[in-house]
Amino acid sequence: LQLTSECCHEARVRFSPELHITKLFTSHYEVSRWLHEGLPADEFSIQNGVLALYAPLPPLLIDPQQQAMLWLRAKLKPV
């Protein structure tokens, strides 16, 4: 991580040692909309929502309470 940080600094590339998947792939507005649509508000659920919508392949979701299933069905329902 130190070497990566130094290389980025030398190349004048912005670098953060903390990677936030939600900030990289979504906006605060989009996450707020997901929460309004029924996605649970914890960070783990939000990260899973990002993966479910933006992963190149469908992810395997382990969802014992069926919260993700209900949210995805509502989210992906044809208009």
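## Exercises on loops and a helix pair

Gln-66 counts as partly exposed, at 42% relative accessibility (buried is under 20% relative accessible area, exposed over 50%, partly exposed in between, with a 1.4 Å probe and protein chains only). This is a predicted model, where local features need pLDDT of at least 70, side-chain atom pairs count only at pLDDT 80 or more, and totals for chains, interfaces and linings use all residues. Residues are numbered from 1 along each chain as its sequence is written, and side-chain values use heavy atoms, leaving out hydrogens and water.

**Exercise 1.** Find the place of Gln-66 and describe its phi.

- Step 1: Look in the loop between α4 and α5 (67-76) (helices are DSSP runs of H or I, at least four residues, numbered from the N terminus).
- Step 2: Phi of Gln-66 is near 60°, a positive value in a residue other than glycine.

**Exercise 2.** Is Arg-12 buried or exposed?

- Step 1: Go to the loop between α1 (2-10) and α2 (21-25), where Arg-12 has its place.
- Step 2: The relative accessible area of Arg-12 is 79%, so Arg-12 is exposed.
- Step 3: Its phi is positive too, near 60°, and Arg-12 is a residue other than glycine.

**Exercise 3.** Describe how α3 (residues 28-36) and α4 (residues 43-54) cross.

- Step 1: Their axes come within 11 Å and cross at roughly 100° (axes are lines fitted to C-alpha atoms over the stretch in contact, with angles from 0 to 180 degrees between N-to-C directions).
- Step 2: Therefore α3 is roughly perpendicular to α4 (65 to 115 degrees).
- Step 3: In α3, Glu-30, Val-31, Trp-34 and Leu-35 meet Ile-46, Gly-49, Val-50, Leu-53 and Tyr-54 of α4 (contact means heavy atoms within 4.5 Å).

Terms used. Helices (H or I, at least four residues) and strands (E, at least two) are DSSP runs, numbered from the N terminus. Angles under 35 degrees count as roughly parallel, over 145 as roughly antiparallel, 65 to 115 as roughly perpendicular and the rest as oblique.
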